[in-house]
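These are my notebook entries on a structure I examined. I set down what I looked up, entry by entry.

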Amino acid sequence: NINTDCGSTHIEHLQKFVRDNNLDVGFAYDGDADRCLCVDEKGNVVTGDHILYIYGRGSGPASQEASSKPVSGTKAATGSKPASGSGYTVYTVKRGDTLYEIAALYPGVSAQDIMKYNGISSKIRIGQKIKIPNR
C-alpha cells in the first residue's frame with residue numbers, strides 16, 4: 001500500500017515534524033497526489049476546502065469581491081449546527097470524514113480535543129453525532 005504510515009492518510013507524522021522543527025507549514029499528499037492536506041505551524045490540519053478558501057480570498061482590492069463567494073466545500077457548509085446555549089456544536093459524521101478533517105473545520109479545535117470531549121477513540125461511524133467544543 002503506497003499510503004502506509006505516510007502522506008495525507010497519516011497526517012500525524014507531518015504534524016509532529018512541523019511542530020518539532022518550528023516550521024510555518026507542511027503539505028501532505030496521498031500516493032497518487034489527488035488529495036492534499038496542509039498543517040499549520042501548530043500542527044492543525046488545513047483541509048483542501050480550507051486551502052481553496054484561502055487561495056480564493058487572495059489579496060488586494062481585486063479579491064475583495066471574490067472573498068465573499070464560496071470556492072468549494074459543501075462539506076464545510078453542512079453537517080453541523082450549534083447546540084442552543086451550549087459550549088459545543090453538534091456535527092453529524094459523513095462518509096469519508098476523519099476526526100482530523102472535522103477538527104480542521106473548526107479553528108482552534110484538534111482531533112484530540114474532539115476525542116476527549118466525546119470520550120471516543122479515533123474511530124467514528126457515518127451518522128454518528130459528535131460534539132465539537134466551541135473555541
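**Entry 1: charge pairing**

I found that lysine 16 forms a salt bridge with aspartate 20, with 2.5 Å between the closest N and O atoms. I took a salt bridge to be a side-chain nitrogen of Lys or Arg within 4 Å of a carboxyl oxygen of Asp or Glu. My search of the whole structure returned 1 salt bridge. I note that the model is predicted, that local features need pLDDT of at least 70 and side-chain atom pairs pLDDT 80 or more, whereas totals for chains, interfaces and linings use all residues. Residues are numbered from 1 along each chain as its sequence is written, and side-chain values use heavy atoms, with hydrogens and water left out.

I then located the two partners: lysine 16 and aspartate 20 both lie in helix H1 (residues 12–20), 4 residues apart, about one turn of the helix. Helices (H or I, at least four residues) and strands (E, at least two) are DSSP runs, numbered from the N terminus.

**Entry 2: nonpolar cores**

I looked up the nonpolar cores, each a set of buried Ala, Val, Leu, Ile, Met, Phe, Trp, Tyr and Cys residues joined through side-chain atoms within 4.5 Å. The largest has 13 residues, of which Tyr91, Ile102, Tyr106, Ile114, Ile130 and Ile132 touch the most other members. Helix H4 (99–104), helix H5 (111–118) and strand S6 (129–133) are the elements that give two or more residues to this core. Another core, of 8 residues, lies apart from it and includes Leu14, Leu37, Val45 and Ala104.

**Entry 3: nonpolar surface**

I recorded a nonpolar surface patch of about 300 Å², made by Val25, Phe27 and Tyr29. Such a patch joins nonpolar side chains (Val, Leu, Ile, Met, Phe, Trp, Tyr) within 5 Å, from residues with over 30% relative accessible area and no salt bridge; areas come from the Shrake-Rupley method with a 1.4 Å probe. Tyrosine 29 is in strand S1 (residues 25–29), and counts as partly exposed because its relative accessibility is 44%.

**Entry 4: whole chain**

I noted 5 helices and 6 strands in the protein chain, running α-β-β-β-α-α-β-β-α-α-β from the N terminus. Of its 135 residues, 30% count as buried.

Technical notes: Buried means under 20% relative accessible area, exposed over 50%, partly exposed in between (1.4 Å probe, protein chains only). Patches are made of residues with over 30% relative accessible area and no salt bridge: like charges are joined within 9 Å, nonpolar side chains (Val, Leu, Ile, Met, Phe, Trp, Tyr) within 5 Å.
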